[in-house]
Amino acid sequence: MTHRLTELTARLGGIAYGGDYNPEQWPRDVWREDVRLMREAGVGLVTVGVFSWSRIQPKPGTYDWSMLDEVLALLHGNGIAVDLATPTAAPPPWFTRRHPDARPVTASGTRLAHGSRQCFCPSHPAYAQAADELVTALATRYAEHPALALWHVHNEWGNHNALCYCDASAAAFRTWLVARYRDLDALNEAWGTDFWSQRYGDWEEIDPPRDTTAFRNPGQELDYLRFSSDALLERHRAEAGLLRRITPRVPITTNLMGTLEKKVDAHAFARTCDVVSVDHYLPAHDPDGHIDLALNADLARGMAGGRPWLLMEHSTSAVNWQPVNTAKQPGEMRRNSLTHLARGADGLLFFQWRQSRAGAEKWHSAMVPHAGTRSRIWREVSALGAELATLAEVTGTRVHSDVALLFDWHSWWALELQARPSAHLHHLDQVRDWYEALWRENITCDVVAPGADLSRYRAVLAPNLYLLTDADAENLDRYVEHGGHLAVGCFSGVVDAHDRIRPGAHPGALRELLGIRVDEYLPLRPGQDARLEDGTTARRWAERVEPDTATTLLRFADGPQGGPARGGPAMTRNLHGRGTARYVATCPSTAALGGMVRDLCAQAGVRPAAATPPGVEAVRREGPDGSYLFLVNHTAEDATVPVGHATGLAATAVRDGLALVPCGGVAVVREDRSEPHG
Ligand code: GAL
């Protein structure tokens, strides 16, 4: 991965601000109004062309560049840079008509009909050919265009078509398997095919894990998830390769979906990008959706190796794909935006610029709403643009984290396959619970893969790593050996890369590091809590843990209220090399996790970004010329936070060393360098 976001922000002279611009939905006279309003709102970057394939290539072999030519010229003439999308996410009707067998097929064998977007099989050669042809033509046409500042490859790879079970996918899967295993015996061994008489004698006997009579083979399913993510990655690499060859001067990104997309291993995609960008939409069902936002921002920064990243899409107000699409409260969009900025975004873009009149997303909010410019949304959009201009000095500064939180798509996939001890233990719930405990303490963490370089972190938290490869297990071991402080959540280190139980007692890969043996896993029924001896509670899961070299920090309460593991260890700590390794054998409540996090951080010497009242989030960005403290008030009360000698930026008031953070508002201060932080 190269890091080329600075090329973009240098060109823009600060924070990128804008959104998806879909002029194909509007007549020409609206384009002129669009650019006028973009300038009014301080928009400097727009993503163009995401869904324009049918306009650009109305027929096979026929290109019509008139719209893009005119729009790019108009934008450039008005000083607005273009993030040009390869429009490969929505093949036009003619493509499907020509290649009906390139449509994706579900696990039950249904071939999906044309009529939406991403209606293609990622492994189908006809799609690859058509997409490559289109990308080559587009890149060649605009290679030297002065508006072109960034390439936006595809759109949200795999959002709707990650898993295809057609015959083309089956053939590609076999090729992928041959490359991975070389010989069939190795595959049979990895998948445990002697179970239920599934031994393969010929590669051609292997199919995708389509719907079948009973449980599917977990090794096969896990590899199919890997293959499917890799098939998309191969398409991404193909497009990126063409773009790099034709326009080496232009950096490349693709909008990843972070935790919102289980089927795509975003870590792998991020490694191929020049600029890491993500989309984030608030989960409406979650009253603490801003914690999900923070988690995804920290994941984006983790994927960018701690460097700044780009928020490619979020919404000004309601989305249109949740059961009830609540509008954002006044001020909420600003709060969301500045939280992304606080956590390292150097660009804030929306889906989309102008709210559609027609089509599937006309009820999705936008920067220019149906109500036009006499609207709350427009006022907030243009005010945010003006505010970002005053915060330009923050661009390029970094968030420094002493803590890493480990997140892994492969372990997520494996944990949630069929026939596990509990269908109620989810990777994301674990990650979210542990992340929330850090968030409530104002402890900033990078969310990274378990194979990442951990040496610079004082503490590492692994909420759940059910699947742990040998290499990743060694990485954790080495980290602690060299003095790191690690905390591992329940049901971790259990299986190898093929979902095979590690021999000996659980948790196989971590037994020595944690200094424990798990005698038995004891999942809890929904609603069945277990009490811990300090009076806090835990849910979902318990284990009968036998400490080996570890000491017990906290036990399940004695008696029936302690649940099935009553009286046994719930949290342990082992001294290993120069560091410590803790184990948490259940899913503690936020209060109990808070205690664990405080204790761990005290031991590791990790300090919060700032001391704030509950519900006021604090994050710091630091650069060679200054550090910036962001304070986000999620409560209904105004708050004050001690900031020492600091200057309020934008509308922030600082009086007598206290920053005022209005209820629902955000304060940004530039800190005096002579004062210690935190
Ligand atoms: C994203 C997608 C956009 C738009 C948006 C609506 O997932 O990339 O094209 O559909 O969601 O929330």
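1. Trp196 comes out partly exposed, at 48% relative accessible area (buried is under 20%, exposed over 50%, partly exposed in between, with a 1.4 Å probe and protein chains only). Trp196 sits in the loop between helix 8 (184-191) and helix 9. Together with Phe195 and Phe215, Trp196 makes a nonpolar surface patch of about 380 Å² accessible area.

2. Before going on: this is a predicted model, where local features need pLDDT of at least 70 and side-chain atom pairs pLDDT 80 or more, while totals for chains, interfaces and linings use all residues. Residues are numbered from 1 along each chain as its sequence is written, and side-chain values use heavy atoms, without hydrogens and water.

3. Glu221 is in helix 9, residues 218-246, and counts as buried because its relative accessibility is 14%. Beyond neighbours within four places in sequence, Glu221 is in contact (heavy atoms within 4.5 Å) with Pro209, Arg216, Leu417 and Gln418.

4. Now the domains, with bounds from an automatic or database assignment: domain 1 is 4-163 + 224-396, and domain 4 is 616-670. Their centres, over C-alpha atoms, are 31 Å apart, and 20 residues of domain 1 are in contact with 15 of domain 4.

5. Domain 1 and domain 4 bury about 1,500 Å² between them, 58% of it on carbon and sulfur atoms (accessible area lost on being put together, 1.4 Å probe, summed over both parts). On the domain 1 side, Arg335, Ala342 and Glu393 lose the most area, together 37% of what that side buries.

6. The interface of domain 1 and domain 4 has three salt bridges (a Lys or Arg side-chain nitrogen within 4 Å of an Asp or Glu carboxyl oxygen). Elsewhere on the list of pairs, Arg621 forms a salt bridge with Asp346, with the closest N and O atoms 2.7 Å apart.

Key
Helices (H or I, at least four residues) and strands (E, at least two) are DSSP runs, numbered from the N terminus. Patches are made of residues with over 30% relative accessible area and no salt bridge: like charges are joined within 9 Å, nonpolar side chains (Val, Leu, Ile, Met, Phe, Trp, Tyr) within 5 Å. Accessible areas come from the Shrake-Rupley method with a 1.4 Å probe; for residues, only the protein chains shown count as cover. Buried area is the accessible area (1.4 Å probe) that two parts lose on being put together, summed over both.
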